[in-house]
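Student: I would like a close look at one part of this structure, beginning with a pair of packed helices and going on from there to its surroundings. Could you take me through it carefully, in one connected account?

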Amino acid sequence: VERPRHQGMAKNTYMRWRLPLVCLLWEVAMIVLFGVFVRFSPEADAHWEEEKREMNLTSDIENDFYFRYPSFQDVHVMIFVGFGFLMTFLKRYGFGAVGFNFLLAAFGIQWALLMQGWFHSFKSGKILIGVENLINADFCVGSVCIAFGAILGKTSPIQLLVMTLFQVTLFAVNEYILLNLLHVKDAGGSMTIHTFGAYFGLTVTRILYRPNLEQCKDKQGSVYHSDLFAMIGTLYLWMYWPSFNSAISDHGDAQHRAAINTYCSLAACVLTTMAFSSMLQKKGKLDMVHIQNATLAGGVAVGTSAEMMLTPYGSLIVGFICGIVSTVGYVYLTPFLESRLHIQDTCGIHNLHAMPGLIGGIVGAITAAAATEDVYGKEGFIKAFDFTGAYQTRTPSVQGGFQAAGIVVSLLIAFAGGALVGAILKLPIWGDAAAENCFEDDIYWEVPEDEESDAYHMHNPDKPASP
Amino acid sequence: VERPRHQGMAKNTYMRWRLPLVCLLWEVAMIVLFGVFVRFSPEADAHWEEEKREMNLTSDIENDFYFRYPSFQDVHVMIFVGFGFLMTFLKRYGFGAVGFNFLLAAFGIQWALLMQGWFHSFKSGKILIGVENLINADFCVGSVCIAFGAILGKTSPIQLLVMTLFQVTLFAVNEYILLNLLHVKDAGGSMTIHTFGAYFGLTVTRILYRPNLEQCKDKQGSVYHSDLFAMIGTLYLWMYWPSFNSAISDHGDAQHRAAINTYCSLAACVLTTMAFSSMLQKKGKLDMVHIQNATLAGGVAVGTSAEMMLTPYGSLIVGFICGIVSTVGYVYLTPFLESRLHIQDTCGIHNLHAMPGLIGGIVGAITAAAATEDVYGKEGFIKAFDFTGAYQTRTPSVQGGFQAAGIVVSLLIAFAGGALVGAILKLPIWGDAAAENCFEDDIYWEVPEDEESDAYHMHNPDKPASP
Amino acid sequence: VERPRHQGMAKNTYMRWRLPLVCLLWEVAMIVLFGVFVRFSPEADAHWEEEKREMNLTSDIENDFYFRYPSFQDVHVMIFVGFGFLMTFLKRYGFGAVGFNFLLAAFGIQWALLMQGWFHSFKSGKILIGVENLINADFCVGSVCIAFGAILGKTSPIQLLVMTLFQVTLFAVNEYILLNLLHVKDAGGSMTIHTFGAYFGLTVTRILYRPNLEQCKDKQGSVYHSDLFAMIGTLYLWMYWPSFNSAISDHGDAQHRAAINTYCSLAACVLTTMAFSSMLQKKGKLDMVHIQNATLAGGVAVGTSAEMMLTPYGSLIVGFICGIVSTVGYVYLTPFLESRLHIQDTCGIHNLHAMPGLIGGIVGAITAAAATEDVYGKEGFIKAFDFTGAYQTRTPSVQGGFQAAGIVVSLLIAFAGGALVGAILKLPIWGDAAAENCFEDDIYWEVPEDEESDAYHMHNPDKPASP
């Protein structure tokens, strides 16, 4: 009982050989590369007893696993359930949202373990991985999930895998430049994850511009239950964001502080999102799109500064501003970007990740520049900004300058990389769907026939599936 | 394609200026108060290295963050996903359930940080917050979520914010009286959270009694998928309740014990809920309302005693009883309260929180009164009840008496406070809906048109939306 | 408005007295047995201060609670939300999936605490329980949830409780033989949980074979939203599996390593599942059944070996293979088992748990046999395999042999136990439904009337409920 389709601009979306080939070949490549390079870090290796002795650790609880594993699991939930379900708001793209997010993230974390490993955990020819690497791999993939939000519903799974391959690579390069060359702090990834991921995705979707997309405007909406599914994603992102921003901070006060700052920022953000969602709508009603997305902007925007002495009220101010910026963005900026700049941004990542990411980078630069030994304590000051070794003479204001440079670098790599990858994805070999078949699961998925829609079709034989 | 509505008793539910005004003004107030008062606790402050030295701590793992953060995240999930989704059972109030819960909790945790901070974490003019404060703020808001359950579907978001403001304040006062003046133990909040929250909410809904509510009886039911969404809430509350009851207990055995007792109580509660759900229905079928709610009563009822030496079998007995009490309450007491006492309790919080909360207070009093040095050990006895300083001569039976007094105080403040707040909420300025528009999302939310309901309307042009 | 039903083979499914009787009697039995036997372990007992002194522990953080509680909560979510929601894929059996899973697991964990306690935590006449016992009880119940998957939709809640009683008992016996008599390693339960649980369930469903089940073939499918609900289950199982496989491993490196290996295996598994799902379907589309299930096989298959030095690339290889085996199983083996061997396996547990469980046992045996002091270090080698006391002369290859023997024992007990329990469940006293009423919630549940299905019935008065 396949529905007849308009096949005016029919494209070949047949995945049967292409998708398996890519999946299997790339996974084999992963196995080979892992075999050559990846081993356990000393804290995960069976030689740990000796390691403990060498490092004078008195207890197994000193293993980094116990400092970071709970946060790792929260981050893991954000990537797979958070991002996956956040994107199920579309009425007929839930399988693609959750399923393709699952696919690209599962591939991406493997590739990220390698890429980030080569840059950061490479010792005597081996990448030594522990729980912190898992978190960083999830973080890296987070930036791909963000970019996926811009092109949701318009790409084939192969395109997503190709994008993941390139984006993870570029992410690792950008991250290396920021963290190692510029010696920038960005534990929650305002710059490396959000700014980079969002502007990368926006550039890709600009290159993949589809002029006829308004043909399926009706499918770009939600239905009642799909909005509730999306709220599962929203809430898990919102609740676990304190773990996200604190997951790889220094042990002790830095993790503690990052969680508190993020908690505060997010709380404030909800209030201003609700305020502006109601205010900007003629009837004064709340819009689920804003609640699902803009409430999260506060977490993005303290990504750089949360582990610093931003203070709870500083966090509230950042959250306050970002709820407004993001909601206003959904109402005014998204339509403008689409109509004037031809940027079709399905999930509005410009409002949720791009602008708040930029704000986050700036807030981080200011907070760093404003740091004093008085506020941090002598030891705390050095520890917080890692002003040791080659950097022991760096001053807060210089650090602020480097932080700002980090934003610029992230933007440049995002634009250049996005343009390159967009061009690659435009090749007519990846099996993307025609404009009129976008936002529709049954191009790539076996979709069950619903009783309800049967009833519907039965009585409306002349009407298309989605009115 | 707005549906025509019966506008017989039309009220002004227009939120466009009122809701934004309240949200923005109050959030600004939060920022100012946080700016004046709130700073990091020593364990979250960058001076932590010095603090460690002073306190002779050898490792960062001794930071309270690592003792409590996993439990904090579980509690956070309970407040936002647990309570939020538990209330999505109504067929057309899912947005309001999840969304308004989100709004009131996000505001409430900020105000709770301040109120509880002034009472408990105030040092040299500043409130010093750490992870335990975040948990306590979530706890405090939990009592508001409970009260929300009684008035679900009948109030405007502004009313909810006003209620949150007052209820958090009263919660903090009541908590101070119990914990500090009466020196009562209540780590899982049977008295402070459940008894107080539930009787407060029931008093509010009594004052807000709507005589014509049976007009929308049809909308007070569930549909198949809304019951499944609600089960997400139920299960997260059920699974994470051991974290709830142990989150702020003393480090070590107390947290460990509280988790075990709660686990046991909840398991027993499921069995008796299922038994009575089937037994009390003529056809012997299980009722989702009971499964969604009464299965949780066992967690409520060990809230006070879980950290004490209640023992696993004691916990089973408490859970056994509460599953029965709660289920019987849903079948017999809720209709009685509505018809005779005019208490319209949408979610049946009387059965899930009020009665089990009272039982929890009583069980706590008995368990405390029955404590002996033999069972607790000499040191454990003093530590468990904090019989130090001014309280070092208090005996278990006296403690039991004070515990019982705590129940009475909680009830009195709940009734008085609920009456006051109910009266305030009755003012005709908050934008609540008319009786016939209750339990309907599209008063306050932009609701997407569903295909299915379109199909429905198409063929039943003369029938109202919800048959 | 009860629908008329075909009552050709009508059976008595009336639960009103039978279900309450079983629930209440058994719960009373639990209370009595807990009262006689169950007490707190030293780490959860109020005497902990003395215990600390005796064991020379310097900090409360050394309490096992802090090593295992986060993993416990993740496992808890897997059992109740993971398994519960994974099985909601059926269009009209969501209440039964989540609700009966809740019931059997809540009973099962209590009985498992006793059974496992007698075998493993019995000291001076008492079972002393701590957080590790809670995890093990959840594990034990996991094997029942697996078996439930085979008979989903075809049994009454009483049958499920009876099965739980027997299966938990047999699980504990089998576990004792493996862990204590054979001295086998199986921290993630490839053999004890998955192999045992799955072949037990498959044997039960074989004995309960229903020849007329194709009558309700239509109800064995999913609808769009039920597939999304099921994905919640899938993702929570997938994300938290690293916690599952590491939850009861030794402190330190073993837990750390088990989490990393599982993370890797699961990632690889997603890629090959997607590949084969597309490849084995003529139209090349992805099938939700595969994504929901086969993506998890990688976690099952490293259950034994994850805490060993399997290495990340070893894990990728195992995941790679299992995604293929499991997906191929769904496409070819499940129909074969049903038509030829009369094994009606509702959820396809043969593909998700049985085969990957066997693979997991074999991988574990090989990994153990291949262990060397070089790879593990002298101390690590002894610690990893617990080659102390009576086992200090056991060699890796002998260990490998015992591991293999563990698989055989698990299979034998599963087959024999499954046959016995299947025969018991076949007695006509447990209230199971007739074939034509299978996979239908409204036999045992009060099901709300949906607007949508009303609309449906209204216009199709002559058609059965599910077309």
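Tutor: In chain C, helix α4 (residues 94–120) and helix α6 (residues 157–181) pack at an angle of about 30°, with their axes 9 Å apart. Here the axes are lines fitted to C-alpha atoms, for helices over the stretch in contact, and angles run from 0 to 180 degrees between N-to-C directions; helices (H or I, at least four residues) and strands (E, at least two) are DSSP runs, numbered from the N terminus. The crossing of α4(C) and α6(C) is right-handed, a crossing being left-handed if the near helix is turned anticlockwise from the far one by less than a right angle, and right-handed if clockwise. Sorted by class, the contact of α4(C) with α6(C) has 17 nonpolar, six polar and one charged residues, where Ala, Val, Leu, Ile, Met, Phe, Trp, Tyr, Cys and Pro count as nonpolar, Asp, Glu, Lys and Arg as charged, and the others, Gly among them, as polar.

This is a predicted model, in which local features need pLDDT of at least 70, side-chain atom pairs count only at pLDDT 80 or more, and totals for chains, interfaces and linings use all residues. Residues are numbered from 1 along each chain as its sequence is written, chains are lettered from A and ligands numbered from 1 in the order in which they are written, and side-chain values use heavy atoms, with hydrogens and water left out.

In chain A, the loop between α5 (131–151) and α6 (157–181) holds A:Gly153, which is buried at a relative accessible area of 6% (buried means under 20% relative accessible area, exposed over 50%, partly exposed in between, with a 1.4 Å probe and protein chains only). Leaving aside neighbours within four places in sequence, A:Gly153 is in contact (heavy atoms within 4.5 Å) with A:Tyr93, A:Cys438 and A:Phe439.

Within helix α5 of chain A itself sits A:Gly142, buried with a relative accessible area of 0%. With neighbours within four places in sequence again left aside, A:Gly142 touches A:Ile79, A:Phe83 and A:Ile193, while A:His76, 66 residues apart from A:Gly142 in sequence, is 9.6 Å away, C-alpha to C-alpha.

Further along chain A, helix α15 (residues 378–385) has A:Gly380, A:Phe381, A:Ala384 and A:Phe385 as its buried residues. They cover an arc of only 105° around the axis, and therefore lie on the same side of α15(A); the arc is that of the directions from the helix axis to the C-beta atoms. These buried residues pack against α13 (349–369), α14 (373–376) and α16 (396–426) of chain A. After α15(A) comes A:Asp386, with a positive phi near 55°.

In chain B, B:Asp386 also has a positive phi, about 55°, although it is not a glycine. B:Asp386 belongs to the loop between α15 (378–385) and α16 (396–426) of chain B and is partly exposed, with a relative accessible area of 35%. Most residues other than glycine have a negative phi. Another such non-glycine residue is B:Ser124, whose phi is positive at about 45°; B:Ser124 is placed in the loop between β2 (122–123) and β3 (126–129) of chain B and counts as exposed at 79% relative accessibility.
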